Amino acid sequence: MLGKRHVYCLLIVFLAFFSVPMHSWANTELKQEGRFVDVTDGHWAKNEIDFLAHAQIINGYHAGQTSEFRPAQSVTRAEAAKMIVSALGQTEWKDGTLSFQDVPANHWARGWIARAVQLGIMGGDGTTNFRPNDSLSRAEMSIVLVNAFSLPSKGAAVEAASVFKDTTGHWALAHINRLYYHGIANGRDGQFFPKDAISRAEFATLLARTINDQFRLPLPDLIEQGKTNIQGTVTTATLNVRQTPAATGVLVGTLQKGQVVDVYDLNGYWAKIAYNGQFAYVHKTYLKLRNIAGSPVKGRVIVVDAGHGGKDPGAMSGGANEKTIVLEVAKFVKEKLEKAGATVIMTRETDVYPTLQDRVNIAKNNYAEMFVSIHTNSATNTSAKGAEVYYDSSTNPNGEESKKLAQYIQEEIVRMANMVDRGVKNSGLYVLRNNSVTSVLVELGFISNAEDRAKLTSAEYQNLYAEAIYQGIVKYYTSQ
């Protein structure tokens, strides 16, 4: 098994695949509407290149009065930093600090590299170098795509069997197979060529397929079977299976905790599954739903609760108030989740005050599958600082799942916003103990602490907090 440090370094190196030469990006954005003089109408990757260029995710080289894409040229790690950050909807971090000796202060991609490092999607090679001009192999690319965009697993058995003749026993086999079963990569002549460098045209094609389903290849038959894209893992000790979608439906059997079922339809709180060769129904509250392909959160019903509001300002300090801060963060979370295809229900989107029971009712009335409440902390001791996330196992039947979600969100907030880690805590807070679905309450930081307050009131950090919550949710849905 690779050591944690070695795996991290590999991931860092692999992210270079996502680049497009960006020497011109440091000064100006080329707006060519996807038109490059060396990408003709007949070029095999034209549609994907045009898509990325139109979205201003990639740019070309200045060539007099025209722009070239140079599709056969390899991509670099510096270009990757800009590409990944842009694809994730982030911006460069011009004031970010870097310790790499080969990325000087005047390097065109320094801000993009700093942001990529801050987000945890890129880093060094285990030395003091970033190696901004190195190219990447196709095997390395597979790990980058899978990890950077949280492509969910198709199952251990699927990923252990080699699809391509030249990947048997390869260290990146599972990731290569995952790209194949997501309709992103299909190799050539039965081979994947894992050692080959990635060209810019290949990069554009694979990246476009990753972020836009319209470019995906037809899914292999293994995933098409049953025509379902959702699996559910039972989260309770025993789950009743009924003949019809109602609590009074005839009981036809039971499922045990940890069992995985294919979900064919969702209607309110009822999930239609295959059971003993027939369709049957179970209560979806006791299933952890996972998308087999595509966005991990697409179709998931998630309630985002901005704490306090209206007559209740929440904690106040230094001219800032909790209700305003958490609403801004909640709006960012909503935007990110909806962009990824989730159905987001907000308990409030303006300065109003829903009661605690109102917030719980909103989740129940909308058949929610997850509840995330956002708050800031406060203490009389102004030295208290840091982030923490609460869950409940006293009455919430999904307490164990709530703890997992809390841990993922806490890890991301600590890492991305550089917060003191106060851990996750089991507490019977009203909105947690009175919910039945996976539920957490996030304390972003202490408004009473000057250092935390500076972050909490910063638009940049509010977006980072939201990104951390979003990434924590994605990691929860992609975890086994």
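I took helices to be DSSP runs of H or I with at least four residues and strands to be DSSP runs of E with at least two, both numbered from the N terminus. With that in hand, I placed threonine 355 in the loop that runs between strand E13 (343-346) and helix H11 (356-365). I was reading a predicted model throughout.

**Entry on the whole chain.** I counted 15 helices and 17 strands in the protein chain. For its 480 residues the rule for a compact globule gives a radius of gyration near 23 Å, and I noted that the chain's 24 Å agrees with this. The C-alpha atoms, taken along the principal axes, fill a box of roughly 65 × 65 × 45 Å. Of the 480 residues, 55% are buried, while the chain as a whole exposes about 20200 Å², with carbon and sulfur atoms supplying 49% of that area. I also looked at contacts between residues at least 6 apart in sequence, and 75% of these join residues at least 24 apart. On charge, I recorded 49 positive and 46 negative side chains, the centres of the two sets lying 3 Å apart.

**Entry on the annotated domain.** The UniProt record, an unreviewed entry, carries the annotation "domain: SH3b" for residues 229-291. I checked the secondary structure over residues 229-291 and found 65% strand and 0% helix, with the end C-alpha atoms 6 Å apart.

How many residues of helix H3 (residues 77-87) are buried? I found that 11 of its 11 residues are, so that the helix is mostly covered; among them are the charged types Arg77, Glu79 and Lys82, together with Met83, Ile84 and Val85. Glycine 89 follows H3 and has a positive phi, near 75°.

In the loop between strand E2 (66-68) and H3 I found arginine 70, which is not a glycine and yet has a positive phi of about 55°. Its relative accessibility is 30%, so arginine 70 counts as partly exposed. In the loop between H3 and helix H4 (110-118) I looked up aspartate 95, which counts as exposed because its relative accessibility is 71%. The C-alpha atom of aspartate 95 is separated by 31 Å from that of asparagine 381, a residue 286 places apart from it along the chain.

With a relative accessible area of 22%, phenylalanine 193 is partly exposed.

Setting aside neighbours within four places in sequence, I found threonine 205 in contact with Trp44, Ala45 and Glu48.

Definitions and conventions:
Residues are numbered from 1 along each chain as its sequence is written. This is a predicted model: local features need pLDDT of at least 70, side-chain atom pairs count only at pLDDT 80 or more; totals for chains, interfaces and linings use all residues. Side-chain values use heavy atoms; hydrogens and water are left out. UniProt positions are given in the numbering used here, feature names are shortened, and annotations may be inferred rather than shown by experiment. The radius of gyration is taken over C-alpha atoms; the globule rule is 2.2 Å times the number of residues to the power 0.38. Buried means under 20% relative accessible area, exposed over 50%, partly exposed in between (1.4 Å probe, protein chains only). Contact means heavy atoms within 4.5 Å. Accessible areas come from the Shrake-Rupley method with a 1.4 Å probe; for residues, only the protein chains shown count as cover. The place of a charge is taken as NZ of Lys, CZ of Arg, CG of Asp or CD of Glu.
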